[in-house]
Amino acid sequence: MSLSLPRWIVHRGGGCLAPENTLAGIRRAAALGFAAVEFDVMLSGDGTPVLIHDETLERTTNGRGRVADTPDAVLFALDAGGEPVPRFVDAARLCRELGLLANVEIKPSAGADRATAEAVVRLAGGLWRGAERQLLLSSFSQTALDVARDLAPELARGLLFEMPPADWADVAQRLQVSSLHVAAAAFDGRVAAEAAERGLPVLCYTVDAPAEAEMLFARGAAALFTDRPDRFAAETAAYKRLHPDG
């Protein structure tokens, strides 16, 4: 399954320019001219897929406790940076409205890998049906990617590692993924060569320095995640002028 990727993907919605994993962040990325955003999806206590990164509420909301233990009536009354914790369905509809590629990271709480993947994948198939710009599912959880492969083989999948193990290519083949996502520091010559040999695009996170970005693109990275989209907005605009279909 081939992927059409922009060079830049804004991390957790709007990077550091807006509260993370919010609709405001997604709108901010689009306003700056970016074509893709990444966000994390976890299940609430009632099994609703929502945008949040941590298993606990304290860092990004005014709530306390585990996301997986918090019912919707409580969760959606919290302040997640000027807005409620967004539902996955609302983020999906916004991305379609804005014409953005969404990298949806399946982010299960402990022990909920299969349930989270099933809920996200079943929704995603309908939410992006007929969309001109499709989505990219990704996860550190191989169980989640197993579920995604079996439930919706037509949806692109990305395998996430901080540091790819020696057998990463075997894992990628078993999961039938479309991309490899790695920490920028892990994208060395070995990984670059193995990925190129298998025709797998490599996406590196999280890159905020122009010099590092230049080095990673020269090494063969297909796309980079950033928390500082403001530093790359001009480059993105120039690239889109030169590659209007890219």
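These legends accompany close-up views of a predicted model.

**View 1. Helix α5 packs against helix α6.**
Helix α5 spans residues 142–151, and helix α6 spans residues 168–175. Their axes come within 9 Å of each other. The crossing angle is roughly 30°. Angles under 35 degrees count as roughly parallel, so α5 is roughly parallel to α6. From α5, the contact draws on Gln142, Leu145, Asp146 and Arg149. Val171, Arg174 and Leu175 are the contributors from α6. By class, the residues of this contact divide into 3 nonpolar, 1 polar and 3 charged.

**View 2. Strand β5 pairs with β4 and with β6.**
Strand β5 covers residues 136–139. Leu136 and Ser138 point one way from the strand. Leu137 and Ser139 point the other way. All four residues are buried. In a regular strand, side chains alternate between the two faces of the sheet. β4 and β5 run parallel and are joined by 3 bridges. Within that pair, Glu105 has Ser138 of β5 as its bridge partner. The chain passes from β4 through α4 to β5, in a right-handed β-α-β crossover. On to β6, residues 156–161: 4 bridges join this strand to β5, and the two run parallel. Leu136 has Ala156 of β6 as its bridge partner. β5, α5 and β6 also form a β-α-β unit, and this unit is right-handed.

**View 3. Strand β9 pairs with β1 and with β8.**
Strand β9 covers residues 223–226. Ala223 and Phe225 point one way from the strand, Leu224 and Thr226 the other way. All of these residues are buried. Strand β1, residues 8–10, pairs with β9 in the parallel sense over 3 bridges. Trp8 has Leu224 of β9 as its bridge partner. Strand β8, residues 202–205, also pairs with β9 in the parallel sense, over 2 bridges. Here Leu203 has Ala223 of β9 as its bridge partner.

**View 4. A cis peptide bond joins Tyr205 and Thr206.**
Omega of this bond is about -20°. Thr206 sits in the loop between β8 and α8.

**View 5. Helix α3 has buried residues covered by helices and strands.**
Helix α3 runs over residues 88–98. Its buried residues are Phe88, Val89, Ala91, Ala92, Leu94 and Cys95. An α-helix has 3.6 residues a turn, so residues three or four places apart point the same way. The cover over the buried residues of α3 includes helices α1 (23–31) and α4 (113–127). It also includes strands β2 (36–43), β3 and β4 (101–106). Gly99 follows α3. The phi of Gly99 is positive, near 70°.

**View 6. Thr70 is a buried loop residue.**
Thr70 lies between β3 (49–51) and α2 (72–75). Buried means under 20% relative accessible area. Thr70 has a relative accessibility of 6%, so Thr70 counts as buried. Neighbours within four places in sequence are left aside for its contacts. Thr70 is then in contact with Ser44, Gly45, Asp46, Leu57 and Leu75.

**View 7. Ser109 is buried in the loop between β4 and α4.**
The relative accessible area of Ser109 is 5%, so this residue is buried. Leaving aside neighbours within four places in sequence, Ser109 is in contact with Met42, Glu55, Arg66 and Ala68.

**View 8. Arg12 and Asn21 have positive phi values.**
Arg12 is found in the loop between β1 and α1. Its phi is near 50°, a positive value in a residue other than glycine. Arg12 counts as buried because its relative accessibility is 18%. Asn21 also lies in the loop between β1 and α1. Phi of Asn21 is near 55°, again positive in a residue other than glycine. The relative accessible area of Asn21 is 3%, so Asn21 is buried.

Notes. Residues numbered from 1 in each chain as written. Predicted model: local features only at pLDDT ≥ 70, side-chain atom pairs only at ≥ 80, totals over all residues. Heavy atoms only, no water. Axes fitted to C-alpha atoms, helices over the stretch in contact; angles between N-to-C directions. Parallel < 35°, antiparallel > 145°, perpendicular 65-115°, else oblique. Contact = heavy atoms within 4.5 Å. Nonpolar A, V, L, I, M, F, W, Y, C, P; charged D, E, K, R; others polar. Buried < 20%, exposed > 50% of the residue type's maximum accessible area, 1.4 Å probe, protein only. Pairing = 2+ DSSP bridges. Right-handed = clockwise from strand over helix to strand, strands pointing away.
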